[in-house]
Amino acid sequence: MEQSKEFHLSFSRIAIYEACPLRYKFIYIDKLPTAERSYFSFGNTIHKVLELFYHPEHNFVVLKKPPSEYLNELLEKNWISVGYKSKKEEEKAKEEARRILLKFYRENIFGFKPARFVEKNFSFNVGEFKVIGRIDRVDEDNNGFKIIDYKTNRILPRLFKEIDLLQPAIYYMAAKRALGIENVNSVSLFFVRFNEEITFDLKEEFLKKSEEKIVKTGEAILRGDFEPRPNGKCSTCEFRGICPVFKEK
Ligand code: SF4
């Protein structure tokens, strides 16, 4: 059971537990290594590039650099090679990243404003549980603030499950409780491949439900509820070989 003083929750921990409690146990309690995946490297690279591009003090305006060249420079410097099966696959992915950033540049450069914060860490409590995380970008917006989280999904989601909305809810709570931002005007997920921003209307009732979800998940983990929950991603789960659901078969 995970009971140490260091125990904390985050959106990704809750999402992993929600998908399969046993997988959560393998990762966070047994601390088994997870598979290196190229899509994590790709997503982390894009996040880093955009973090630096919107940096409040070191953006291209301050550095006096042409923005599109600067985006490419950032891509080269921050490219993460981990998880690609071959050099060819990696080069293809890098080319795709260049295309995405060029599209991003063309469609966003005219409204460019440096962020107020980038990659802002937070920590706050919900009941007895500590929730930690990091907000990608906080912009000033009409006497208030706008929270943006980048996504590099290949498919633009049109429907969101309750668990997907937990992330914006956590950011909203974090901005108010941990970062001292009172007037949060909006929380958006920005789908970089599509240059599309989806903004959520987080009603009080939903925020309350989100808090309950956090507490419920924390309690289940402390109780040691780690039943396997077979799901659509079992075929790519790195623990399939030791998972009782598949081992017995
Ligand atoms: S194979 Fe499926 S059921 Fe087993 S641990 Fe992985 S995600 Fe859970």
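Contact here means heavy atoms within 4.5 Å. Helices (H or I, at least four residues) and strands (E, at least two) are DSSP runs numbered from the N terminus. What you're looking at is a predicted model, where local features need pLDDT of at least 70 and side-chain atom pairs count only at pLDDT 80 or more, while totals for chains, interfaces and linings use all residues. Residues are numbered from 1 along each chain as its sequence is written, and side-chain values use heavy atoms, with hydrogens and water left out.

Start with H7 (residues 162-177) and H8 (residues 204-223), which pack at about 100° with axes 9 Å apart; axes are lines fitted to C-alpha atoms, for helices over the stretch in contact, and angles run from 0 to 180 degrees between N-to-C directions. That makes H7 roughly perpendicular to H8 (under 35 degrees counts as roughly parallel, over 145 as roughly antiparallel, 65 to 115 as roughly perpendicular, the rest as oblique). On the H7 side, the contact includes Leu165, Leu166, Ala169 and Met173, and these H7 residues meet a set in H8 that includes Phe206, Leu207 and Ile214. By class, the H7–H8 contact has ten nonpolar, one polar and five charged residues (Ala, Val, Leu, Ile, Met, Phe, Trp, Tyr, Cys and Pro are nonpolar; Asp, Glu, Lys and Arg charged; the others, Gly among them, polar).

Now hop over to H3 (residues 38-53), which packs on H5 (residues 67-78) at about 135°, again with a stated axis separation of 9 Å. That makes H3 oblique to H5. Thr45, Lys48, Val49, Leu52 and Phe53 are what H3 brings, and they meet H5 residues including Tyr70, Leu71 and Leu74. The class tally for H3 with H5 is eight nonpolar, two polar and one charged.

H3 also packs with H6, at about 35° and with axes 11 Å apart. Here Ser38, Phe42, Ile46, Val49 and Leu50 of H3 touch H6 residues, among them Ala93, Ala97, Ile100 and Phe104. Nine of the residues in the H3–H6 contact are nonpolar, one is polar and two are charged.

Last stop: the second largest pocket. It is lined by 14 residues, with Tyr54, Arg137, Asp139, Lys146 and Ile148 nearest its centre (on a 1 Å grid over the protein atoms alone, a pocket is an open set of points where a 1.4 Å probe fits, with protein on both sides within 12 Å along at least five of seven lines; lining residues have an atom within 4 Å of a point). S2 gives the most to this lining, with four residues. The lining has five nonpolar, two polar and seven charged residues.
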